[in-house]
Amino acid sequence: MLQSVLMAVPSIKLHDGNTIPSLGLGLWKVKDELRFNKMFDSAIKNGYRHFDDAQTYGNEQLLGKSWKRSGLNRNDIFITTKISPQHLSYKSTHASFKESLLKLQTDYVDLLLVHFPGPSWLRKNKWRAIEEIKQAGLAKSIGVSNFNIKHLQALETYAHEMPVINQIEMHVFMQQKQVREYCRMLNIQIEAYSPLAHAQLMNNPKIQEIATKHHKTYSQIMLRWCVEQSAIPLPKSTNPNRLKQNSQIFDFELTNEELNQLSRLNTNHKTLWRSIIAK
Ligand code: A2P
């Protein structure tokens, strides 16, 4: 039973040769241990193996405890963490990453991201530290988050190794076409955070109509839209029923007409971080 659920989540090959499950669980804001444990157990039961964490989420320790308790082998799960925007320098990137490994109770992460671009004069050295972490085998893959085209262009001038991932806010109401197109040209895989627009816009009649037609839920249409755009959605939920629902998005397809209808819903509705990533 579990095997069939797991097989339903396809993997994607990254440009460094590693693979990544095409659905992940967002862990933002889940700091209560009991809630975290319940969420993690329910996620495992429903076939999630990809956990998207960050230093700023304040729960790397809880993820470490949960996966150890689960009895799963380390290579059965995919762990991402992100260097906090607080850790701007080369030195604190290395130091804080060591702490992350301890908290996560692991020798390596599958994916390490720079959480925010940060000040331009510090970016180069921060990326150098990230590249060194990868070279040392402590992160299998490396990438960025919240990078726009300008940030990526600057990175191209100094990176020895380009990111395999750019994790951005992306959903039907914030489609991010330009940055996605730029990443496609560079072979950078997109991950979509807040793929449900933080549940802020759950009453669009067009999405509801498409959901009814497919006997799916509103959220499943939003997540499937990400998959059809070749993005990896990272929905967050602590509710077991919604967790399950959010994983059942690989057994149907949207038609071209539906995709066209959905592409017209873009309003650049940004749920988070408006000011931080503007520059
Ligand atoms: P909850 O944790 O109670 O399920 P996003 O991933 O876009 O940031 O959205 C997260 C928000 O969406 C959370 O408030 C979460 O609440 C809610 N959510 C997650 N999955 C669903 C779903 N299937 N239907 C409705 N709301 C959902």
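A salt bridge here is a side-chain nitrogen of Lys or Arg within 4 Å of a carboxyl oxygen of Asp or Glu. Keep that in mind for the first part. This is a predicted model, where local features need pLDDT of at least 70, side-chain atom pairs count only at pLDDT 80 or more, and totals for chains, interfaces and linings use all residues. Residues are numbered from 1 along each chain as its sequence is written, and side-chain values use heavy atoms, with hydrogens and water left out.

Salt bridges, then. The structure holds twelve of them. I'll take R69 and D41 to begin with. They form a salt bridge, with the closest N and O atoms 3.3 Å apart. R69 sits in helix α3 (residues 60-70) and D41 in helix α2 (residues 33-45), so this pair ties together parts 28 residues apart in sequence. How accessible are the partners? R69 is partly exposed at 44% relative accessible area. D41 is partly exposed too, at 37%. The cut-offs: buried is under 20% relative accessible area, exposed is over 50%, and partly exposed is in between, with a 1.4 Å probe and protein chains only.

Next, E161 and K134. Their side chains meet in a salt bridge at 2.6 Å, N to O. E161 is in the loop between α6 (149-158) and β8 (165-169), while K134 is in helix α5 (residues 120-135), 27 residues apart. E161 is partly exposed at 24%. K134 is buried at 19%.

One more pair: K213 and E258. Their closest N and O atoms are 3.3 Å apart. K213 belongs to helix α8 (residues 205-214) and E258 to helix α11 (residues 256-263), so the pair ties together parts 45 residues apart in sequence. E258 is buried, at 2%.

Now the inside. A nonpolar core means buried Ala, Val, Leu, Ile, Met, Phe, Trp, Tyr and Cys residues joined through side-chain atoms within 4.5 Å. The largest one has 68 residues, and F51, L112, W127, I207 and L262 have the most contacts inside it. Helix α9 (residues 218-228) gives this core its largest share, seven residues. Apart from it lies another core, of nine residues, including L111, L113, V164 and I232.

On to the ligand. Which residues come nearest to it? Of the 16 around it, they are L196, H198, S237, R242 and N246. Around it means a heavy atom within 4 Å. A backbone N or O atom of K236 lies 3.0 Å from a ligand oxygen. A polar side-chain atom of Q245 is 3.0 Å from a ligand nitrogen. A side-chain N or O atom of N246 is 2.9 Å from a nitrogen of the ligand. The protein covers 82% of the 570 Å² of accessible area (Shrake-Rupley method, 1.4 Å probe) that the ligand has on its own. A polar contact is a pair of N or O atoms within 3.5 Å; within protein, one must be able to donate a hydrogen and the other to accept it, and residues adjacent in sequence count only if both atoms are side-chain atoms.

Technical notes. Helix = DSSP H or I, 4+ residues; strand = E, 2+ residues; numbered from the N terminus.
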